[in-house]
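I set out to record what could be looked up in this structure. The entries below follow the order in which I consulted it.

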Amino acid sequence: MNTAIICSRGGKAHRSHIMTNVHDRNGPFNVDNVSPPRARNSGLPESTAQIVEEEYMLRTRIAFIAVVVLVGSLLVPGQAMATTYPETRLPDNGNHDYCFTSGFANSRDPYTAHYAMRTLDSTTDMTSTYVGACNNNNTDIWWFALDLAGTVRGEWQCIITSSTRCNSADVRIDFDQIDIGDNDIADRDKTSVHEIGHSVGFGHHSPAAHDCALVSGELPSLDIKWRRYHAHDIAHINATF
Amino acid sequence: MFKRYAQGILVGSVAVALLLTGCASDPQAEAPAGEQQTNRASATELADMTTRGLEVDYDRLASPEAAVAASKLIVRGKLVDVVEGISYGGAAEQAGRANPYATFVIETNASLKGSEAKGTKVYAQVNKSSLTSAADLAKIGKGLDVVAVLDDISGWTPAPGVTVVRPAAMPATGPLYLAFPDGLWAQGVTDKAMVGMHARTGELAGAWGTPQTVDQYWTTLEKAAG
């Protein structure tokens, strides 16, 4: 908007003429270009001096906008260090159907899977569908609950591929490992959203890049952002599905 | 002329901003980033192959001291082979639809914890993609310089009724070692820095400092072990 306003101001012919002269003589960022009083006091006719001053103001505004755009791009959280997309295999389509193995259905918190799928459904253009018990290898996500070895909290593993896409994947959750520490329910939800994030193309995102659910390890705080995808990630999903 | 110049500045700055924010579209967006680069060798390629279609969320080793305390064995050596990993028996269907492990065979040069003699082979379980085979990993991983922080999971039961079956290619008895997700780093002659199979150097907790090579990582562990 600002660009249009600035570019529409002033007489086009005069501006082009003056700018051509200035540019050819001194280059666009010569110090002579940033001192309108010089034009006023240079002995030039008043009308010419006004045009030079107007050009100076115009250049200043453009330079300011350029600086603001560049600095802003560095300061916007999560976008300055954006990751490539996809970082994992994309799912086969925009609807994520999911099922529960018996171990997961009888685990301490099967609701966390619904939370993760609903989060995907409600915050992106993708949809999710619960199909009940797992018995179809084409179901996109099979949820498991088990004791994963070592310090692993959860994992996503593509099991069946279709060309470059993932047709069906396992998501495995270790509630005992997740429940070490505080805020267990929110931590489970973060982990579930995290694993589903892998299933839609995301790798791990450091807090410095994306402060979202794709951060590794324990829930940093109860801030909802750790149980959500970053706006940048959502834009990628929505552009894909 | 001036208008063109002014527009040039704005368009240029917006283009740079888009690049900085990563909003430029990926022309090969159909294929995962790791799979687009097939000419990389050694540890980088090994990690890509190991994690193809697999992501692991884990609790980090908070410091070198914590790694020493939590582990049963820490070794440095050469990766001499990759063979099949443990599999599940019994009610295996409760643990997943694929075997998620490979066995990394490390010929020990030195150990910090435990007492593995030089030349001893250590068999470490590593989470592995189901889309690649152990043989594939062996082809590109043999000869890498490796540091492994290992836990002993000999008594591990993944879920009720699920048993752990050792592969024939490793000893039937003795400790069953598992590499911590952020405790297995490798580096080859073509790698500028060490590469984690499931972790990036930037994911190491602050207490680790900023080790960039397996030499530095090993030295950090040596200091922590006293």
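**Entry 1: confidence.** I note at the outset that this is a predicted model. I read off an ipTM of 0.83 and a pTM of 0.76.

**Entry 2: make-up of chain A.** I counted 9 helices and 5 strands in chain A. From the N terminus, I recorded the element order as α-α-α-α-β-α-α-β-β-β-β-α-α-α. Chain A has 241 residues, of which 44% count as buried. Of the contacts in chain A between residues at least 6 apart in sequence, 68% join residues at least 24 apart.

**Entry 3: the sheet.** I traced an open sheet of 6 strands with mixed pairing, in the order β2(A)-β1(A)-β3(A)-β5(A)-β4(A)-β1(B). Which strands stand at the edges? They are β2 of chain A and β1 (54-58) of chain B; each has a single partner strand, so one side of each is left without a neighbour in the sheet. On average, neighbouring strands of this sheet are turned by 20° against each other, direction ignored.

I next examined the pairing of β1(A). Strand β1 (residues 95-100) of chain A runs parallel to strand β2 (residues 127-133) of chain A, and 5 bridges join them. Here I found F100(A) opposite A133(A). With strand β3 (residues 141-145) of chain A, β1(A) also pairs in the parallel sense, over 3 bridges. In β3(A), I141(A) is the bridge partner of Y98(A), and W142(A) that of C99(A).

**Entry 4: helix α8(A).** I saw that α8(A) packs on the sheet, touching β3, β4 (152-162) and β5 (165-173) of chain A together with β1 of chain B. The direction of α8(A) makes about 25° with that of β4(A). I checked the length of α8 (residues 184-199) of chain A: at 1.5 Å a residue, its 16 residues should span 22 Å, and the end C-alpha atoms are 23 Å apart, which agrees. Is α8(A) mostly buried or exposed? I found 13 of its 16 residues buried, so α8(A) is largely enclosed by the rest of the structure. G201(A), which follows α8(A), has a positive phi near 115°.

Notes. Residues numbered from 1 in each chain as written. Chains lettered and ligands numbered in written order. Predicted model: local features only at pLDDT ≥ 70, side-chain atom pairs only at ≥ 80, totals over all residues. Helix = DSSP H or I, 4+ residues; strand = E, 2+ residues; numbered from the N terminus. Buried ≥ 20, exposed ≤ 12 C-beta atoms within 10 Å, placed from the backbone. Contact = placed C-beta atoms within 7 Å. Pairing = 2+ DSSP bridges. Expected span 1.5 Å × (residues − 1). Axes fitted to C-alpha atoms, helices over the stretch in contact; angles between N-to-C directions.
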